[in-house]
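Here is a friendly briefing on the structure shown below, grouped by topic. Please keep the sequence and the model side by side as you read.

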Amino acid sequence: MTVNERIKYLRKHVLHLTQEELAPQIKISRSNLGAIEIGRVKATDRVIEDLCEKHDVNIDWLLKGEGDPLREKTRTEKITDFAADILKDEEESFRRRLIEALADLDIEEWELLEKIAEKASKNKKARQ
């Protein structure tokens with residue numbers, strides 16, 4: 001499979017996006033993306049970088065077909081992405097209110113929360 005074919009595969013089967021949806025995300029026109037996917041135009045380094053950055057694409061997979069299409073995020077990256085997503089929520093959304101409440105906990109309250117979570121986990125395992 002060529003880079004162009006992998007871009008099309010990624011868009012359709014991994015990201016589940018149309019050309020109209022993906023093209024503006026990587027700052028190209030829909031027709032340019034179509035030309036890349038059929039191999040009429042070579043994907044530029046900038047397009048490849050934008051695609052990899054925007055969708056956590058594994059560049060080794062994209063360029064050489066090695067590994068998985070998407071790169072595994074670190075725990076810190078997952079937390080950062082989650083926090084950024086929460087900040088986009090409405091001020092009174094449940095997720096935002098929950099995170100704000102957690103941010104106000106002191107160490108003793110965190111320890112109590114940990115005990116509650118451990119107990120709930122044990123109870124769930126016992127029911128299975």
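Lysine 125 counts as exposed, because its relative accessibility is 60%. In this briefing buried means under 20% relative accessible area, exposed means over 50%, and partly exposed is in between (1.4 Å probe, protein chains only). This is a predicted model, in which local features need pLDDT of at least 70, side-chain atom pairs count only at pLDDT 80 or more, and totals for chains, interfaces and linings use all residues. Residues are numbered from 1 along each chain as its sequence is written, and side-chain values use heavy atoms, with hydrogens and water left out.

**Helix α8 and its distances**

- Lysine 125 is found in helix α8; helices here are DSSP runs (H or I, at least four residues), as strands are (E, at least two), numbered from the N terminus.
- From lysine 125 to valine 3 the C-alpha to C-alpha distance is 45 Å, and the two residues are 122 residues apart in sequence.
- Glutamate 118 is also found in helix α8, and a relative accessible area of 42% makes glutamate 118 partly exposed.
- Between the C-alpha atoms of glutamate 118 and lysine 78 there are 22 Å, with 40 residues separating the pair along the chain.

**Surface patches**

- Asp104, Asp106, Glu108, Glu109, Glu111, Glu114 and Glu118 form a negative surface patch.
- Patches are made of residues with over 30% relative accessible area and no salt bridge, where like charges are joined within 9 Å and nonpolar side chains (Val, Leu, Ile, Met, Phe, Trp, Tyr) within 5 Å.
- For charges, Lys and Arg count as positive and Asp and Glu as negative, while His and the chain ends are not counted; the place of a charge is taken as NZ of Lys, CZ of Arg, CG of Asp or CD of Glu.
- One member of the negative patch, glutamate 109, has its place in helix α8 (residues 107-127), and glutamate 109 counts as partly exposed because its relative accessibility is 37%.
- Ile107, Trp110 and Leu113 make a nonpolar surface patch of about 290 Å², with accessible areas from the Shrake-Rupley method with a 1.4 Å probe; for residues, only the protein chains shown count as cover.
- Tryptophan 110 is found in helix α8 and, at 39% relative accessibility, counts as partly exposed.

**Salt bridges**

- How many salt bridges does a search of the whole structure find? The search finds 14, a salt bridge being a side-chain nitrogen of Lys or Arg within 4 Å of a carboxyl oxygen of Asp or Glu.
- Glutamate 37 and arginine 11 form a salt bridge, and their closest N and O atoms are 2.5 Å apart. Glutamate 37 lies in helix α3 (residues 30-37) and arginine 11 in helix α1 (residues 3-14), so this pair ties together parts that are 26 residues apart in sequence.
- Are glutamate 37 and arginine 11 buried or exposed? Both are buried.
- Arginine 46 forms a salt bridge with aspartate 50, with 2.4 Å between the closest N and O atoms. Both residues lie in helix α4 (residues 45-55), four residues apart, which is about one turn of the helix.
- Arginine 46 is partly exposed, at a relative accessible area of 36%, whereas aspartate 50 counts as buried at 15% relative accessibility.
- Lysine 73 is joined to aspartate 81 by a salt bridge whose closest N and O atoms are 2.3 Å apart. Salt bridges that share partners join Asp56, Arg71, Lys73, Glu77 and Asp81 into one network.
- Lysine 73 counts as partly exposed at 26% relative accessibility, and aspartate 81 counts as partly exposed at 37%.

**A phenylalanine in helix α6**

- Phenylalanine 82 lies in helix α6 (residues 75-88) and is partly exposed, with 41% relative accessible area.
- Which residues does phenylalanine 82 contact, leaving aside its neighbours within four places in sequence? They are Arg95 and Ile99, where contact means heavy atoms within 4.5 Å.

**Positive phi values in loops**

- Most residues other than glycine have a negative phi.
- Histidine 16 has a positive phi, near 55°; histidine 16 lies in the loop between α1 and α2 (19-25) and counts as exposed at 58% relative accessibility.
- For lysine 27, phi is near 60°, again a positive value in a residue other than glycine. Lysine 27 is found in the loop between α2 and α3, and at 61% relative accessibility lysine 27 counts as exposed.
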